[in-house]
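Here is a short report on selected local features of a two-chain model. Have the sequence and the 3D view open as you read.

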Amino acid sequence: MYPIFKQILKTGIKSEVPPQPDQALRVTAARLEDAMLKTLGRALVIRHIDAGSCNGCEVEIHALSNPYYNLEGLGIRFAASPKHADLLLVTGPVAKNMETALKRAYECTPAPKLVVAVGDCGISGGIFGESYASCGRVANVIPVDVIVPGCPPTPEALLTGILTAISAR
Amino acid sequence: MKLLDQDLSFEALNGAVAAYAATADEAGLLAFCSAVKESGGRLVALWGCDERKRGQGFVLNVACGIEKGMAIVSLPLPATDPEYPDLSEIFPAANRLQRAVFDLLGIRARGGDPRPWLRHANWPADFFPLRRDCDASQRFPARNEDYAFVRVEGDGVHEIPVGPIHAGIIEPGHFRFSIVGEKVLRLEQRFGWTHKGIEKRFEQMSLADGYRLAGRVSGDSTVAYAWAYCQAAEALTSTQAPARALWLRALFLERERVANHLGDLGYLGNDAALSFGLSQFMRLKEDWQRLSGALFGHRLMMDAIVPGGVACDLSRDGGEQISSQCDAIEREVLILKNIYDEHAGLQDRFLTTGRLDPALAAELSVCGLVGRASSQAWDLRTQNPVAPYDQLETQIVTHRAGDVAARVAVRFEELIESLRLIRRIVSQLPQGERILPLAAPGADTGMGIGWVEGWRGDVLVALAADPEGNIRRCHCHDPSWLIWPALEHAIMGNIVPDFPLINKSFNLSYSGQDS
């Protein structure tokens, strides 16, 4: 155990101050009331859904849990089921083969069903566009509240988008 | 020239890669594949082309890895009822590739597995997107698929279906486990969920801009794909990227390898309940990605490699930052390696878990780091090195045990070797131009090949263009195609709770194989 404790102490605390929400990322009006936000604080459960991404966005979503961004330190965590989630973090152009799965996950998610569409592909279909195999942007398949541009978005941009989704205007 | 004493006449292809091509009839193709297998070679890729508009029929291409490099055998097929002999009896790994070729092009392996692979029920069975006359902008309603999984029957056997949406931050795929108690009797994979029609999309792009799409086939391997694409595009146009660009490409590729190995080593600790390992390695990975972002404008180095050269340069100061970061990361990785090695609980989970026997790995044509952890000594950087690897003396890393512990060991050792390579590249980086213009091909091209040893395994890009430089066909092949089937074997006899650990030790791309 000694080498582990030594390494932890030597590393110290790396967490950085999170970014502020950016209302420009909203595509719909804020749906959470102030009172609700005050009660819940920022406790938030996210279900990530890869609807057809190249996995670049996933690399950066993983980074949110590293000690620098320390997502859990903000009261935000990822859940294994959409039934436990407040927010869906959706990446990729929606592959045709994932259309039904994405719709089902959205149906399973309890209100308020916040949706953040991640990356240039999630916003517009990106370089993959729309075709027999791609439904294009996430909003073509389920309603979207907030978009996070980037290819892929940096962890900081992702965090800004997530915090925007749970902020009041 | 002849290869493996077979009666085929091979021609060395233009370009940086050691690739040889020949045309054969069915008997010649079968005899060559058998000779490859007997000589200890492997299947690399299998894909088809529609050449009907050029006055021919269809073509099936089979790429094999042999000592000399890559041998590509092309089998011409008629325009109506195109069929070819099932190669899965020689190379079992051909099964899924053949099914994908049928789904995309409608050319069938005679007597092969008739189940679809990339096509779910979401477009008609007679819709073949890669046929040149197919209008790929057509839309079809989504349908439920009734896929014929192989059932395991007997007392107490039951199934666990997992996916397509998985329980973590993972790409989508479906795993069907047949189990007794906690023991896995059989795993069957069903993929294709992230198929985005990438190869059809290439037909709307030019040689000069296709690198961006190639760099998004599998984002975690964007450098490997972009380099392979650029090798192919440069081969078609007889463009020679400047020496400085080639060295910078190798720098990016090794940085990509280090980033992914750091992340995997963290998650492997985490999946064996040592979350300390995840925090530590993800911290190092973040430091690493931040320096990539600061020096090259992108944390994953997407679009850093472009046809004719590279999009960004490295200053002397940047080189010093890279070298000193390599020293710092190496110090920390060695501390963490010692902690992993000495941690009884971790080693108990790693050792003997998810074993892939070397003989089976050879039978299945398993490549990349998973192959190297099961004695499959294939690494393009040492066997068929392109510049600058021909001057870097890369040490190949292999292990025999084929278990999770071996795959962890390969990652640790390759990581340290890549840090050495990076320091050497930075210290010997040649001066000069970083990019040269890409010429137009001038005539209808044959096939240009790119072949790069990415962090996961070898990435192949096969490219052809028309005289104006529009892409006629671009096939991107991910090493995951040949490693996923081995996971079905490695899990057998293990307990269900070890699956996430074994799967992570493989860490394969879904997007890369679905494309």
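The report covers cavities and pockets, then helices, then individual residues.

This is a predicted model, in which local features need pLDDT of at least 70, side-chain atom pairs count only at pLDDT 80 or more, and totals for chains, interfaces and linings use all residues. Residues are numbered from 1 along each chain as its sequence is written, chains are lettered from A and ligands numbered from 1 in the order in which they are written, and side-chain values use heavy atoms, with hydrogens and water left out.

**Spaces in the structure**

Two kinds of space are described. On a 1 Å grid over the protein atoms alone, a cavity is a set of points where a 1.4 Å probe fits but cannot get out. A pocket is an open set with protein on both sides within 12 Å along at least five of seven lines. Lining residues have an atom within 4 Å of a point. Grid points are joined across faces, edges and corners, and a volume is the space filled by probe spheres set on the points.

The whole structure holds six cavities of 30 Å³ or more.

| Space | Volume | Lining residues | Nonpolar / polar / charged |
|---|---|---|---|
| Largest cavity | about 190 Å³ | 23 residues | 13 nonpolar, six polar, four charged |
| Second largest pocket | about 560 Å³ | 26 residues | twelve nonpolar, eight polar, six charged |

Which residues lie nearest the centre of the largest cavity? They are A100(B), L104(B), L118(B), E199(B) and H475(B). The elements that give two or more residues to this lining are β3 (42-50), α2 (94-105), α3 (198-202), β15 (471-477) and α16 (510-514) of chain B. Helices (H or I, at least four residues) and strands (E, at least two) are DSSP runs, numbered from the N terminus. Helix α2(B) gives the most, with five residues.

Domain bounds come from an automatic or database domain assignment. That assignment also gives chain B a domain 2 (157-190). The C-alpha centres of domain 1 and domain 2 of chain B lie 32 Å apart.

In the second largest pocket, A101(A), R104(A), G163(B), P164(B) and W193(B) lie nearest the centre. Two elements give two or more residues to its lining: α4 (99-108) of chain A and β9 (174-180) of chain B. The largest share, five residues, comes from α4(A).

Helix α4(A) has buried residues E99(A), A101(A), L102(A), A105(A) and Y106(A). They span an arc of only 170° around the axis, so they sit on the same side of α4(A). The arc is that of the directions from the helix axis to the C-beta atoms. Buried means under 20% relative accessible area, exposed over 50%, partly exposed in between (1.4 Å probe, protein chains only). Cover for these residues includes β1 (44-50), β3 (87-91) and β4 (114-118) of chain A.

Helix α3 (residues 56-63) of chain A is mostly covered, with eight of its eight residues buried. Among them are C57(A), E58(A) and H62(A).

**Individual residues**

G150(A) lies in the loop between β5 (146-148) and α6 (155-165) of chain A. Its C-alpha atom is 8.9 Å from that of C57(A), 93 residues apart along the chain. Contact means heavy atoms within 4.5 Å. Beyond its neighbours within four places in sequence, G150(A) is in contact with G119(A) and D120(A).

The loop between β5 and α6 of chain A also holds P152(A). A cis peptide bond joins C151(A) and P152(A), with omega about -15°. Another cis peptide bond joins A111(A) and P112(A), with omega about 15°. P112(A) is in the loop between α4 and β4 of chain A.

In chain B, T352(B) has a positive phi of about 70° although it is not a glycine. T352(B) counts as exposed, at 62% relative accessibility. S365(B) has a positive phi of about 60° and is not a glycine either. S365(B) counts as buried, at 2% relative accessibility.

How values were computed
Nonpolar A, V, L, I, M, F, W, Y, C, P; charged D, E, K, R; others polar.
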